[in-house]
Amino acid sequence: IQPSSAAAYNPDLKGYDFNVDKAKQLLKEAGYEKGFTFEVYTSASTTKWMEAINTYLNPLGINGKITQLELGTVLDKARGGDFQAVFFSTGGDSDSLNFLTSRFHSKNFGKPGNITLYKNPKVDQLLDEAARTVDQPKQIKLIQDAEKIIVEETPWFIFNYNKAVMIAQPWVHGLQPVPTDVDFQDLTQVSLSARH
């Protein structure tokens, strides 16, 4: 769930492989041998991504019926629990504990961030213990243990982490990398000098 830039990133944690035979077997066991259709809310920036994901789902008989809405409406529906599926960026957070707690702790159901209403008492316990821990290696281990459970239970499908590159002319000064969101730049700290 966490990108490689996160303090508690675990390079050994792997998600599911794309396995058509296993997917067909699981669909059959669940009573969906012929597949199903579900509605997914997207914004203009995520519609193409969902179309690409459908190329993997459609051979299984699964179709994400895309309903494109304005991003604010997508977020409102997500925070209000008014969706079958929703597709948007989770945003960034340089604090691994805060990122997982806000999105997966049961105390944060709905608008505070846990929009999938994910609940696992063991995950809650691990995150709470990590919040009380001042020993950073121990805290990271607790966060990674919680993340491992979350990945196994898969309340989210995570497929992409954006990596940003900053490019500026030599006369632009004060630009700073922002680990949480490349779009944010404190322009009060940026200055320009004469071109050469």
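I looked up the strands and found 3 of them in an open sheet, ordered 2-1-3, with parallel pairing. I took helices (H or I, at least four residues) and strands (E, at least two) as DSSP runs, numbered from the N terminus, and counted two strands as paired if DSSP finds at least two bridges between them. Strand 2 (62-68) and strand 3 (85-86) are the edge strands, each pairing on one side only. Helix 2 (residues 47-57) packs on the sheet and touches strand 1 and strand 2; its direction makes about 170° with that of strand 2. For that angle I used axes that are lines fitted to C-alpha atoms, for helices over the stretch in contact, with angles running from 0 to 180 degrees between N-to-C directions; contact means heavy atoms within 4.5 Å. Between strand 1 (residues 36-42) and strand 3 I noted parallel pairing over 2 bridges. Y41 stands opposite V86 in strand 3.

**Basis of the entries.** I worked from a predicted model, in which local features need pLDDT of at least 70 and side-chain atom pairs count only at pLDDT 80 or more, while totals for chains, interfaces and linings use all residues. Residues are numbered from 1 along each chain as its sequence is written, and side-chain values use heavy atoms, with hydrogens and water left out.

**Helix 6.** I checked the span of helix 6 (residues 136-153): at 1.5 Å a residue its 18 residues should span 26 Å, and its end C-alpha atoms are 26 Å apart, which agrees. The expected span is 1.5 Å times one less than the number of residues. At the helix start, I found a side-chain oxygen of D135 within 3.1 Å of the backbone nitrogen of K138. Just after the helix, T154 has a positive phi of about 50°.

**S96.** I placed this residue in helix 4 and recorded S96 as buried, at a relative accessible area of 4%. Leaving aside neighbours within four places in sequence, S96 is in contact with Q2, A6, A7, A8 and I143. A polar atom of its side chain lies 3.1 Å from the backbone nitrogen of A8.

**F18.** I found F18 in the segment before helix 1 (20-29). F18 is exposed, with a relative accessible area of 55%. F18 and Y56 are 38 residues apart in sequence, yet 8.8 Å apart in space, C-alpha to C-alpha.

How values were computed: Polar contact = N/O pair within 3.5 Å; in protein donor to acceptor, adjacent residues only side chain to side chain. Buried < 20%, exposed > 50% of the residue type's maximum accessible area, 1.4 Å probe, protein only.
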